[in-house]
Structure formats: C-alpha cells, structure tokens
Amino acid sequence: MTNHWVDIKNADLVVIMGGNAAEAHPCGFKWVVEAKKERKARLVVVDPRFTRSAAVSDFYAPIRAGTDIAFLGGVINYLLSNDKIHHDYVRNYTNAAFLIDEGFKLEDGLFSGYNAEKRSYDKATWQYQKDKEGYAMVDETLQSPNCVFQLMKKHYSRYTPELVSRVTGTPKEDFLKICGMMAETAAPNKTMTVLYALGWTEHTVGSQNIRTMAMIQLLLGNMGMAGGGINALRGHANVQGITDMCLYSEVLPGYLSAPTDADKTRDEYLAKRTPKALRPNQMNFPQNFPKWFTSLMKAFYGSAATKENGFCYDWVPKKDGAYDAMAIFERMHQGKMTGFVCQGFNPLASLANKRKVGDALAKLKYLVIIDPLATDTSEFWKNHGEFNDVDASKIPTEVFRLPANLFAEDAGSFTNSGRVVQWHWKAADGPGESKGDSEIMAALFLRLKEMYAKDGGKFPDAILNLAWPYRIPAKPAPEELLMEISGKALADVTDPKDPTKVLVKAGDQVPGFAMLRDDGSTSCGNWIYGGSWSQAGNLTARRDASDPSGLGQTLNWGFAWPANRRILYNRASADLAGKPWDPKRTVMKWTGTAWGGNDIPDMRPNAAPEEHVMPFIMAPEGVARLFSPIMADGPFPEHYEPFESPLDNNPFHPGNAKAKSNPAARVFKSDMDSFGTAKDFPFVATTYRLVEHFHFWTKHAHINAVLQPEHFVEIGEELAKEKGIKAGDKVKVRSNRGHIKAVAVVTKRIRTLDVDGKKVHTIGIPLHFGFKGLTKPGYITNTLTPFVGDANSQTPEYKAFLVNIEKA
Amino acid sequence: MALQSLDIKQRSATTTPAPSVRQTTEVAKLIDVSACIGCKACQAACMEWNDIRDEVGINTGVYDNPVDLTAKSWTVMRFAEVEEGGRLQWLIRKDGCMHCADPGCLKACPAPGAIVQYANGVVDFHQENCIGCGYCVTGCPFNVPRISKDDGKAYKCSLCSDRVAVGQAPACAKACPTGAIQYGSKSDMKDYAAKRIADLNERGFAKAGLYDPAGVGGTHVMYVLHHADRPQLYNGLPADPGISPLVSLWKGFAKPLASLAIGAVALGSLFHYVMKGPNEVSKDMEKEVEKETEQ
Amino acid sequence: MIRDPKDLQRYTPQERANHWVVGISFILLALSGLAFFHPAFYPLSYLFGGGTWARILHPYIGVFMAFFFVLMFLRFRMLNVMTKTDKEWLSRVGEMVDGDDHNMPEQGKYNGGQKAMFWASVVCMVLLLVSGVLIWQAQFSPPIGLVRLGAVVHAVAAVAMIALILIHAYAAIWVKGTIRAMWYGTVTRAWAKQHHRAWYREVTGK
C-alpha cells in the first residue's frame with residue numbers, strides 16, 4: 001500500500017477491483033465501512049463475480065476475468081477526452097511532459113523492439129530524449145507529439161467505451177457510470193482509494209494491471225493524498241514482511257537488486273544500480289544504493305567484510321538465471337534439482353498445475369518440510385484416492401517433516417499491507433517437538449558450518465564467515481534479529497559536512513537509513529527497516545494510538561517503513577508552493593522553513609518549494625511515471641488476452657496472433673502444450689479465496705471447517721440451466737491440465753457476459769480445499785491452473801483460464 | 001439468584017414475582033445488515049466463547065454453513081440473492097435469538113426457571129432446569145431454539161449473558177470486523193440506527209428502517225434493513241412476528257380456564273354426591289329379583 | 001371369583017385387565033401431563049423422578065395406552081352402538097342426574113350416557129395420539145405450524161378427557177354396586193335389573 005489501512009477511511013470513493021477486500025481482508029475492510037459511514041464515501045466494486053465486497057457496495061459492475069487493462073485503459077481515455085484530470089498535478093508531478101525517443105511506437109499490438117525468439121523487448125526506443133547534460137528533455141506545454149502526455153492520449157484513444165464493453169463484457173452504461181464517479185475525484189479536494197489484491201497480480205499482465213490504475217490515480221492527482229493511493233492488500237498478516245526481507249531469491253533484503261553473472265565486480269554491480277538523476281535538483285534517492293548494500297554485507301559477514309575484500313562481494317551468489325517459484329519448479333521438473341527445503345509453503349496446493357508440481361517433487365532426492373501443519377505437499381507421494389492418485393512405490397523422494405511453531409507461539413514482528421511493522425509477543429508454547437523457524441534454521445546452519453569446518457568443501461568461506469552474533473547461537477532471539485535488521489554503527493558515524501560532529505556513536509543502533517555508510521562503518525540487515533529498533537528501543541512495539549490529526553496516522557503506533565512514514569509520496573499532497581491540495585486533510589505542508597504536517601515528510605525536510613525537488617524521490621526523474629521505460633512488457637499498459645482466452649484473437653489487434661496474449665509473458669517451452677483452447681474448454685474460470693478460510697491452513701481447524709466444510713464451484717444460473725446442473729449437485733470441472741470434482745453453487749451473482757458478440761460464462765473456483773485436514777477431503781483447485789506467469793513478477797495466471805464443466 | 005447476578009423480570013412457569021429490586025439498563029444488539037459482509041466471524045466467535053463445536057457439515061449448494069441453527073450453532077448467516085430492476089442485491093442476515101420483550105419461548109415453557117428474562121432484556125435458557133419438552137420451539141415466532149440430540153435440552157443464543165452481566169459486549173459484537181454488530185443500551189442503539197438509516201436513505205434506500213417488531217413487544221436484537229418494508233426479503237424474516245395465537249390460547253387463558261374446568265368437574269361430582277346421595281339399588285328391586293331367582 | 005352364584009358376569013378377566021392397563025396409564029398421563037400444563041401442577045412431575053423424566057416417560061406411556069385403548073375399542077365397539085332408546089335416555093339425563101331414575105327408559109348393557117362417554121373417549125384418544133406425535137420433539141420434527149396446533153389440540157383433548165374420566169369414575173362411585181364389575185367382574189342381579197334391564201333380561205332370559 002502506498003497509504004495504509006486506517007487511511008482508507010479518508011477516501012471519498014473506494015474502488016475495489018482485482019480484489020475482494022471484504023472476503024480476503026475482512027478486518028481491514030472496516031475502514032471502508034468507516035469511510036462510508038463517516039465521510040459518505042461511495043464504494044464501487046468491479047469483479048467477475050458479485051462478491052461479498054459487492055454486497056455492501058454502492059455500485060457493482062461485472063467484468064470478464066483478465067480484461068482489467070481494457071477497462072482501465074478506457075477510464076484513462078474517458079479522463080483525457082473529457083478533460084477530467086488534475087492538471088497541475090499531472091504537469092508537475094508526473095513525467096507527462098517528458099519527451100520520448102522518436103523510435104518508440106506500438107505496431108499491431110507490439111511495442112518497438114520486440115524479439116519474438118526471446119519473447120522479450122529491447123527497450124532502446126522506450127527511453128527519454130536527453131540533453132547534453134544527461135537530463136531528460138521535457139515539453140512543459142504538453143503539446144509535442146513525442147511527449148508522454150500526447151503519446152498516452154494517442155495510445156488510449158483506441159479504448160472507446162464501445163470497445164471496452166465489447167472486450168470486458170461490462171455493460172457500457174455501467175462502465176461510463178464508474179468513469180464518471182472516478183472523474184469526480186480529479187478535484188484537488190476529492191480522493192479515490194484503490195484496493196486491489198491478487199485479482200490483478202495473478203495474470204500474465206499482472207504488473208501492468210496495477211500500473212494502469214496507478215496512471216489513473218496520477219491523472220486524478222490522488223497519489224500521496226490522504227484517502228488516495230494505490231493499495232495492494234497483501235494476503236497474509238506478514239506477506240509484506242516476507243517480500244521486504246526477500247524470502248525469495250530474486251532480490252536481496254530491502255528490494256536491492258541481486259547480482260547476476262554479468263556483474264563481475266562490486267564496482268560494476270554498484271555502478272549499474274546507482275542511477276544518476278534524470279532531472280536537475282532531484283533527490284534521486286537510489287543513489288544511496290552503495291550505502292544500503294555495503295551495510296547489508298556488514299550484517300551478513302561482520303568483521304570478515306572489509307574494504308580490501310570488497311566487503312565480500314564475491315561470496316554473494318550471482319544469479320545465472322531466474323529463480324522465482326515457477327522457475328524453481330521448472331528446474332525441478334527437468335530433474336536439475338536434488339533437494340528442496342520447503343518452509344511455510346504448500347506448493348502442491350498453491351502453485352499452478354498441480355500435476356507438474358507433483359511430478360517435479362517426485363524427481364527430488366529429498367524434500368524438507370518446515371511447517372506447523374501436515375501439508376498436502378508433505379504427502380504429495382501418498383495415494384489419497386481420487387484426490388491425489390499417485391503410486392507411492394514409484395516415488396523415490398525422501399520427505400522430512402520438521403514441525404514448526406505457529407506465529408502465536410513465538411515473538412516477532414508482522415508487517416502489514418500498510419508497511420506498518422508491529423511487534424507481537426509469544427502467546428503459547430508450541431505443541432510437541434515443534435520449534436521456532438529461526439531455531440530450526442540455526443540448527444541447520446550450525447550443523448552445516450561444523451561439517452564445512454571438519455570436512456572442508458568447494459566453497460566454505462561464505463558459510464564459515466557468516467556473522468552469527470547471537471547470545472545463544474542455536475536459538476537466535478527475535479529481538480536480536482530485529483536489532484540486526486534495523487542496523488547499528490560499527491564506528492562513529494559523523495556528519496559529512498562536519499566530520500567533527502558525531503551523529504551516531506560506535507555500537508549504537510542507527511536512528512534511520514540516512515545514517516548508513518558505504519565505508520563499512522555501519523551494518524544493517526535491511527535498509528528500509530532502518531531505525532525500527534533505534535537507541536529508543538523497539539519502535540515496532542509501540543502501542544500509542546493517539547491521532548492528533550484525526551486522519552488515523554498514529555505515528556507512535558508500531559513503525560512504518562520507510563522512516564516511520566505512513567503515506568508514501570506525501571509531498572504530492574501539497575501543490576508546488578507547498579500548500580495542501582485539501583487543507584482539511586493535510587498530510588504535508590511547507591511551514592516556511594521545513595516540511596511538516598501529519599506524517600514524516602517523503603522529502604528532504606528542508607527542501608524549499610523553490611528548489612523544485614519533486615515528490616517521487618525514489619525515481620531518478622523525481623516525478624511519477626505515466627510512461628515507464630523499465631517494464632518488461634511495454635511502457636504503456638496494453639490489453640492482451642489471458643493465455644487461455646475464450647476469444648479467437650485480441651479484439652484490439654485482431655490481425656496479429658502474436659499480440660493475442662502478452663508477448664513478453666513468462667512461459668516455458670515445455671508448458672506450451674498444456675494450454676487449452678475455447679473449442680474444448682469454453683468457459684472462463686477464476687480462482688479465489690473465501691472469507692471462512694485462510695489459504696490451505698484453516699482446513700485443519702475445526703471452526704473454519706464447520707463454517708465452510710466442502711469444496712464447491714460457483715456457476716451462473718444460465719450455464720447451470722444449459723448443463724442441467726442444480727445447486728448441490730456434484731460437478732466435474734476440467735482444464736487441459738486435469739480435473740476436479742466439487743459441489744455446484746448456482747448463483748445469480750455470476751452473470752453471463754456478452755463479449756465480442758458471444759456469450760461468455762464464468763466459473764468461480766475457491767482454492768482452500770485439499771486432501772489433508774478437517775474439511776471434507778477434496779481435489780486441489782490448482783490442478784486446473786496454467787503454468788504461465790506475468791512478464792515482470794512471474795506470478796502465475798491463477799485468475800483467468802479455460803475449463804469445461806459437466807455433472808459428475 | 002441467578003448465575004449472572006442480573007435481575008429477573010420474568011421466569012418461566014412461575015406465577016409469583018421474580019426477584020427484581022435492582023434496576024439495570026435495557027440493552028440491545030443492533031445488526032446493521034447494510035454493513036454486514038457475511039464473514040461469519042460472529043459464528044466463529046460464538047463457537048469460541050461458548051465452547052460449542054458443531055459437526056463439519058457439507059456444502060448444499062449455498063454459502064450458508066451450518067445450513068441452519070442447531071443446538072451447537074446459536075447463530076448463522078443467511079444469504080439471499082434478490083434481483084430488482086436489473087440490479088442484484090446479496091442480502092446477508094445474521095440469524096439467531098431476537099431476545100423479544102415478550103418472549104414466546106418463555107411463555108410456552110412449562111419448566112419453572114428454565115427460561116428467564118433479565119431486567120436488561122436478555123432472554124436466557126437455564127438448561128439445568130430445562131426438561132427438553134420443546135415447547136419453547138413452538139412458542140418462538142422466529143424459529144430459533146433447538147433441542148440438542150445429545151442431552152435433549154433446548155439451546156439458543158444467550159446474548160452472551162455472562163459477558164453482558166459484567167459489562168462486556170457479546171462475543172459476536174466484539175468479533176465483528178466491520179462494526180455491523182453494535183451493542184449498547186437499547187436507546188443508544190436506536191439512536192445509532194437512526195443515523196445509519198439516514199445514510200441509507202441518502203444512498204437511495206428510501207424504505208430503510210429499524211426492525212424492532214412491536215408484535216413481540218420489541219426485541220433486544222434489532223436490525224437495520226435497507227428494505228424495512230419487506231423484511232421477508234432477508235431470508236424470510238417475519239414482517240409482523242408475534243406469538244402464535246395458538247400458543248397464546250394454549251398458554252394464555254386456556255391454562256387457568258381448563259384447570260378450573262377440571263376442578264369444577266371434580267368438585268361438582270363431590271357435591272352431587274353430597275346433595276343427591278348415592279344411586280343405590282332399591283330394596284324393592286332386591287326383593288323383586290330375589291323372588292325371580294327363587295322361581 | 002363369583003361371590004354369589006346368582007351374580008351376573010359383566011366383565012371377563014381380560015376385559016378388566018385391559019381396562020385397568022388403560023386406566024392406570026391414563027392416570028400417569030394425566031398426572032405428568034398436568035405437570036406441564038400449569039405451573040401449579042408442576043410438582044406432580046416429581047412423582048416421575050422430575051420434569052425431565054416426566055417429559056421422557058409421558059409420550060411412551062401415551063403410546064402404550066393408545067395400543068391398549070385400541071384393543072379395548074375393538075372389544076367394546078359393537079356394544080356401544082347408539083340406538084333410539086339411548087337417545088331418549090340421553091334426552092332425559094337430567095332426571096337421572098337429579099337422582100330419579102325410575103322413569104328412565106330400559107337400558108341394555110350400556111346406557112346412552114356410557115355410550116356417549118365411550119365415543120367421546122375415542123375421539124379424545126385419537127386427537128391425543130395424533131397431536132401427541134406432532135409435539136413429540138425428541139422423535140419427530142414436523143412443520144412448526146403443526147406442532148403449535150398439536151400442542152393446543154393435545155391440551156384441549158387432554159382436559160376434555162380428564163373431565164370425561166372424572167365423570168366416568170364418579171358415575172361408578174355414585175351408582176353403588178358398579179365398581180365391583182371392574183374389580184372382580186360380577187354385578188348383582190338387582191343392580192343389573194335396576195340399571196340395565198334389557199341386558200338383565202338378555203342374560204337371565206327373564
């Protein structure tokens with residue numbers, strides 16, 4: 001979330017799209033209700049299904065799964081052609097005025113620079129035109145045909161309400177009504193908040209779905225505002241923390257881009273990741289990358305990391321390819337992996353194409369499960385009748401189950417969707433022999449270290465020299481870990497302008513990432529958490545709910561990264577002169593000498609408005625990108641069909657088969673055959689959560705099992721009639737990758753849509769069920785889903801694929 | 001004195017006044033249907049606080065689960081899909097005991113003290129006095145009490161009388177994530193409802209209103225409905241609930257009247273005997289018969 | 001046992017046993033039923049081991065009684081067919097109640113009043129059985145409307161039946177020489193001739 005949960009209450013319009021907050025985030029949803037009650041906010045829901053969120057909405061419109069860009073592109077067209085944008089904001093705080101390379105174009109659905117062989121783009125023509133100082137050139141009048149504003153206008157002029165309705169199936173009048181409601185928030189004192197979740201990310205165009213809405217929010221001037229922003233609702237209490245801490249192999253903690261084989265030396269690596277400002281006077285905050293990275297190396301290797309050895313840069317693994325979850329299982333499936341440590345993850349149930357995942361696991365020599373529950377994955381080898389029909393005698397994988405504690409059985413921190421880090425205390429002991437995850441990892445590490453010390457090995461240095469400064473090495477305390485993550489000074493940290501002035505004494509916790517240095521004098525496990533445990537103590541444990549502004553900022557409750565800032569880009573809540581766009585909801589204002597208000601400024605505190613330091617400090621441009629030269633699949637979001645689409649072509653580019661689906665999406669050659677066509681699988685399926693369950697955990701809990709006991713699929717009344725299916729019947733749903741059986745829920749809430757001249761039926765499939773647990777034994781929904789991922793995030797397309805259905 | 005240390009307003013099958021010296025505030029739970037997302041957190045909280053665990057059921061083709069109230073499910077969400085003028089509404093109502101001011105269950109109950117109504121309005125079952133006859137089921141206008149298959153006793157929502165007695169909100173209200181379940185004094189709840197109704201009116205629900213049916217003397221569980229003119233839309237919430245006339249007849253004037261009638265017959269017989277004497281075989285007849293048999 | 005060889009056999013041992021099985025069941029049912037009917041009678045439930053036991057036992061006793069009542073009905077139904085004389089008797093029942101039965105029409109084994117009692121009991125019994133099943137919540141769960149109707153019908157029929165049986169018992173007490181017919185089966189000839197002359201003639205031939 002650019003904003004935070006409580007801030008939703010400040011919105012005038014709440015849009016839920018690509019998510020179902022009431023269903024998946026019922027507790028946070030209270031703030032939507034609060035906005036409705038106290039601010040008379042309106043709630044709009046756009047979803048293939050009439051959801052629980054829709055049940056309390058003011059307006060609902062249906063949409064075909066996987067066509068969000070068509071819908072939102074249409075909104076952009078509406079805003080631009082009806083001149084419903086926040087002009088000052090767009091001109092000053094976005095790259096609307098930037099001039100783009102003259103070679104940039106979109107031709108027949110493909111952007112310039114496409115390489116069909118590699119399924120990727122050469123982005124050379126997507127760059128800004130630069131002057132001789134290396135700064136991007138701009139046209140303040142926004143009139144140049146090569147400026148972002150004009151390019152954007154041209155790009156989305158094709159997204160007419162008629163075409164939008166034809167592609168999305170959303171009735172035109174519903175679409176226009178929603179456009180009108182959004183357009184009202186172009187007024188400086190009106191805001192719209194956008195709540196989305198995996199309904200946008202889990203598509204082959206997932207990142208671009210979100211970008212399209214981000215562009216709308218920029219056009220309306222809603223970023224940085226109280227009650228505005230673009231808000232990803234994360235699916236676990238701590239999934240934000242997981243991504244922040246890099247519990248996946250693509251990046252280092254704090255979203256630091258991990259080195260690859262191409263980054264031979266530390267200098268080369270740092271040079272590539274330390275950008276130069278693209279406009280004069282901009283903060284260009286990523287220029288501090290070397291400080292963050294060096295401090296991280298000091299946290300990793302302690303005193304072993306020295307200036308002389310390049311702070312152990314050589315010991316950090318260099319990627320030789322992709323290591324996202326899909327890529328890992330592709331390697332495993334190819335038999336290229338020996339073992340897999342599966343910690344708090346149930347890939348058999350939660351990854352796409354269960355059969356492929358099961359086959360891949362069967363090729364391992366060993367599988368280690370670290371989990372509080374007996375997961376489906378831990379029994380992937382065991383025959384569970386029709387639900388997991390495998391032959392155990394043919395699966396050689398050895399499985400180890402290490403029982404772990406649940407979160408309530410250990411202290412630690414949660415980072416919620418709003419980036420608020422909150423400490424939690426242990427509530428109970430874990431049962432039996434279960435241990436905390438860090439204790440289990442410590443045990444593995446110490447054993448490995450001992451073996452390396454005794455037996456040597458190919459590359460013992462990284463293990464033998466890893467810093468392990470914990471009081472009880474076998475049991476690192478959560479408090480020690482947070483202190484290490486937050487960072488401390490190893491030597492006195494002095495003021496760069498006045499070396500006699502000591503800012504942080506050696507041995508003290510740093511007050512924030514601004515104190516980090518690239519000379520080895522500071523250590524920090526994750527720069528964005530810098531200062532969360534300062535000399536003042538554990539700030540994440542603060543529980544002061546006082547809220548002087550009434551905006552719900554509660555700056556003394558927990559700690560929000562970065563720097564305890566609650567609303568990102570909050571400088572954009574004020575005009576160029578530093579006056580709040582809406583004085584009633586002041587987030588930030590220029591006091592004459594400094595930035596102040598009701599948040600931690602997302603700005604150099606003394607940057608006077610005359611200096612023209614722009615609010616988007618993490619971008620070298622200083623402004624937000626309506627046009628993004630760094631996306632893998634295009635600088636402007638373009639509608640592409642899901643990989644499995646009920647249509648024969650992309651109605652935006654009917655003549656080009658290459659542009660039917662995202663031309664840069666992640667797809668493995670071996671999976672090409674696993675896709676089905678509308679001829680055999682005529683119905684659009686989408687998967688989702690139910691409020692009664694949490695992923696694949698709560699099917700093990702009695703109360704949740706009582707509340708939602710058995711796997712079901714939802715179909716509309718028209719399809720039910722066509723197929724002779726009644727509510728409560730057992731049905732079989734097939735995709736090209738397998739089938740499941742479940743109970744049919746026949747509902748008015750799923751409408752048959754008119755799409756491109758044909759009727760499209762949608763089938764909704766909740767995901768929580770499986771063959772382990774207290775709910776009725778069932779099939780795994782992800783038996784059906786395709787193994788194809790987003791071009792930028794590699795997230796699989798769980799939300800739009802093709803199936804057929806019949807009475808079982 | 002009852003476990004809950006509350007004052008008792010009415011006690012089932014008891015003809016003398018219950019202890020009622022203390023004055024407590026009349027309370028109510030307000031269910032704002034317009035803010036309810038049907039998440040069933042209230043159901044889970046009810047199970048947890050009261051330590052009741054129903055069986056794991058099956059899916060019958062709807063979202064409702066458990067599909068009905070049971071002795072171990074004291075509240076359930078009922079989902080209704082209503083389409084009007086081309087716009088769909090998913091009306092979700094939390095069902096359970098309404099805690100009527102004039103409780104039909106209590107009226108019908110033959111077991112002294114099995115059902116009590118506290119001065120704060122809570123209608124509570126005291127299962128140790130319950131004989132399991134099920135008369136409460138017949139008395140309830142909302143079809144709420146359920147007889148347990150395990151122990152034959154009647155069960156229903158207690159409005160968490162134990163929590164309420166010590167100033168806590170019922171577990172469901174405490175757990176509700178959206179504030180759709182509010183708890184407080186009945187008059188505060190009515191004020192709150194008025195604000196919600198004004199908001200709904202402004203959003204185009206001209207007939208929004210409070211459900212506090214007069215037929216049962218008002219209730220201590222009230223609903224804010226978008227369509228207060230048609231409560232039946234909400235999965236058959238009765239438009240004008242009242243204690244069935246049959247039950248009123250049976251447990252009303254029939255009770256003393258019939259008892260009197262039985263007494264009258266008994267006493268009438270006695271006095272007939274006293275007044276008229278026995279009907280004996282006359283001496284003449286005895287002689288006559290004696291003669292006949294001798295012949 | 002026949003006290004006097006000249007006494008007339010009015011009931012066989014089987015008939016008497018059947019009557020008393022029904023009678024005792026009825027008393028138990030009335031006591032337990034009244035306990036649920038009005039709080040004043042609730043203490044009667046302690047005779048059965050408390051309210052819950054009374055609730056458990058009552059319907060089983062009811063079914064038991066109904067079974068034996070059916071047997072009794074089969075035994076006596078032909079004897080209870082109403083005739084013209086019965087109707088005449090009934091129209092002049094006031095004289096009888098007043099204690100003056102000299103001018104009452106000649107009666108067979110049963111007089112009009114007894115027959116009326118018989119049929120009224122049959123009707124009550126049917127109502128009690130059907131309504132009793134409807135409100136037997138431990139076993140059945142019919143629609144709530146039927147349960148409510150059942151409860152009222154059960155109560156009304158039970159009150160009627162109790163009144164009938166009270167009258168029945170009082171009549172037996174009031175008409176001296178009657179009760180022995182149900183104790184040991186015989187009545188005196190004089191009793192028979194006075195109260196049931198047609199039957200007397202029929203069995204004695206006089």
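A residue counts as buried if 20 or more other C-beta atoms lie within 10 Å of its own, and as exposed if 12 or fewer do. By that rule A:Asn353, with 26 C-beta neighbours inside 10 Å, is buried. The model is a predicted one.

**Backbone geometry**

- Most residues other than glycine have a negative phi, and most peptide bonds are trans.
- A:Asn353 is not a glycine, yet its phi is positive, at about 55°.
- This residue sits in the loop that runs between α15 (347–350) and α16 (354–361) of chain A.
- B:Asp51 also has a positive phi of about 55° without being a glycine.
- B:Asp51 belongs to the loop between α1 and β3 of chain B, and it counts as exposed because it has 7 C-beta neighbours inside 10 Å.
- In chain A, the peptide bond from A:Trp561 to A:Pro562 is cis, with omega near -5°.
- A:Pro562 is part of the loop between β23 (559–560) and β24 (588–590) of chain A.
- In chain B, B:Asn65 and B:Pro66 are joined by a cis peptide bond whose omega is about -10°.
- B:Pro66 lies in the loop between α1 (41–50) and β3 (76–84) of chain B.

**A parallel sheet in chain A**

- Five strands of chain A, in the order β3-β2-β1-β8-β9, make up an open sheet with parallel pairing.
- The edges are β3 (59–62) and β9 (230–232) of chain A, each of which pairs on one side only.
- From one strand to the next, the twist averages 20°.
- Strand β1 (residues 13–17) and strand β2 (residues 42–47) of chain A run parallel and are joined by five bridges.
- A:Met17 has A:Val46 as its bridge partner in β2(A).
- Helix α10 (residues 206–219) of chain A packs on the sheet, where it touches β8 (192–196) and β9 of chain A.
- The direction of α10 makes about 150° with that of β9(A).

**Contact between chains A and B**

- Chain A contributes 36 residues to this contact and chain B contributes 32 residues.
- On the side of chain A that touches chain B, at least two residues come from each of α2 (30–39), α3 (52–55), α20 (702–707) and β30 (738–747) of chain A.
- That side of chain A consists of 22 nonpolar, five polar and nine charged residues.

**Contact between chains C and B**

- Here 38 residues come from chain C and 43 residues from chain B.
- On the side of chain C that touches chain B, two or more residues are given by each of α1 (13–37), α2 (51–76), α6 (144–174) and α8 (189–195) of chain C.
- The element that gives the most to this side is α6(C), with 14 residues.
- By class, the side of chain C that touches chain B has 22 nonpolar, eight polar and eight charged residues.

**Chain C as a whole**

- Chain C contains nine helices and two strands, which follow the order β-α-α-α-α-α-α-α-β-α-α from the N terminus on.
- Its C-alpha atoms fill a box of roughly 60 × 35 × 30 Å along the principal axes.
- Of the 206 residues in chain C, 33% are buried.
- Among contacts in chain C with a separation of 6 or more, 63% are between residues 24 or more positions apart.

Definitions and conventions. Residues numbered from 1 in each chain as written. Chains lettered and ligands numbered in written order. Predicted model: local features only at pLDDT ≥ 70, side-chain atom pairs only at ≥ 80, totals over all residues. Contact = placed C-beta atoms within 7 Å. Helix = DSSP H or I, 4+ residues; strand = E, 2+ residues; numbered from the N terminus. Nonpolar A, V, L, I, M, F, W, Y, C, P; charged D, E, K, R; others polar. Pairing = 2+ DSSP bridges. Axes fitted to C-alpha atoms, helices over the stretch in contact; angles between N-to-C directions.
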